[in-house]
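Here are my notes on the model you sent over. Have the structure open while you read, and start at the ligand.

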Amino acid sequence: MLSQPTRLPTSAPLSHEGQAAWERDGFLIVRNVLKPESIAGMHTAFARASDRILDELHTSGAMPARPGTAPLETALCAAGSLANRYGRSWRQLVVGPEVFAIHHDPGLVAILRQLIGGTTLLGSSVFNARPKLPGQRLTEVPWHQDLAYFPEGSPATFVTAWMPAVPVDAANGCMQVLAGSHRAGLAAHRQETDEAGFLSLPAPPMGPDLVTCAMQPGDVLFMHHLVWHASGPNTTAGIRWSIDCRFSNQPDLEIQFPEPWVVDGPRATDLQTWLGWWNRRA
Ligand SMILES: O=C(O)CCC(=O)C(=O)O
């Protein structure tokens, strides 16, 4: 039997108990953080990318008929296994003002400010929009620690904010975290040799520390850079959509942009500059 995630009052910044739970567990779920515009922005960016993929697959002849309009939860299902061509997580496909705005959501920033401290909140080019299609093996994520994905010896310390765009639970492959696992340091990961190529750790045994994170759009799962986490198969008929973004107060986090991305604080990076780093225009 899996234990329930920590439940906190919906108000931000965090209560004393919330802060203590974060330090003890290395993760925290806070409910109703994001404003409706941020959730709507996620939907817009994901729907635009879905549409583009369906158009491309149709135009290239890979998909003989272009499916008609369908809700975000099912539209991309029409692509079936062809969706694998677009990878297990998306960045370039969803870059735009909506993703910039999600990183700046005021409720999100207030909590990150409390968890991370410092004068400046920095974002990371390493964010992922994830469509987990029904039955899609490619997007089942094995146990890992996020720091393992940064260059060896990286001193980066950061918080990952994981945000669902649709309701998520065990049935559609929500996040699982291992409470307290951030305290044991970085473990040796194995490089998987399958199509997804994830880094992986052995699955921990079931027990009270293994937490299944059922969440609603607007909720945020905050994860320490060393906490063990994973997500299982999507056994439903709808797509599990989410975005995960990374934040720090140290520039070591950045591995792609020409300079630190200041989300909040003195000399914050503006949208035009940020889009320029992705070779996009506002
Ligand atoms: O969204 C998922 O299924 C996995 C997310 C994840 O591993 C992460 O945000 O680091």
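1. The shell around the ligand splits into 2 nonpolar, 4 polar and 3 charged residues. (Ala, Val, Leu, Ile, Met, Phe, Trp, Tyr, Cys and Pro count as nonpolar, Asp, Glu, Lys and Arg as charged, and the others, Gly among them, as polar.) Arg130, Val141, Asp146, Thr160, Trp162, His229, Ser231, Ser242 and Asp244 surround the ligand, where near means a C-beta atom, placed from the backbone, within 6 Å.

2. Before going on, remember that this is a predicted model: local features need pLDDT of at least 70, side-chain atom pairs count only at pLDDT 80 or more, and totals for chains, interfaces and linings use all residues. Numbering starts from 1 along each chain as its sequence is written.

3. At least two shell residues come from each of strand 5 (159-164), strand 11 (229-231) and strand 12 (240-248). Strands here are DSSP runs of E, at least two residues, numbered from the N terminus.

4. Strand 6 (residues 175-178) pairs antiparallel with strand 11 over 3 bridges. His229, from the ligand shell, is the bridge partner of Val177.

5. Elsewhere, strand 1 (residues 27-30) and strand 10 (residues 220-224) run antiparallel, joined by 4 bridges. Ile29 is opposite Leu221.

How values were computed:
Two strands pair if DSSP finds at least two bridges between them.
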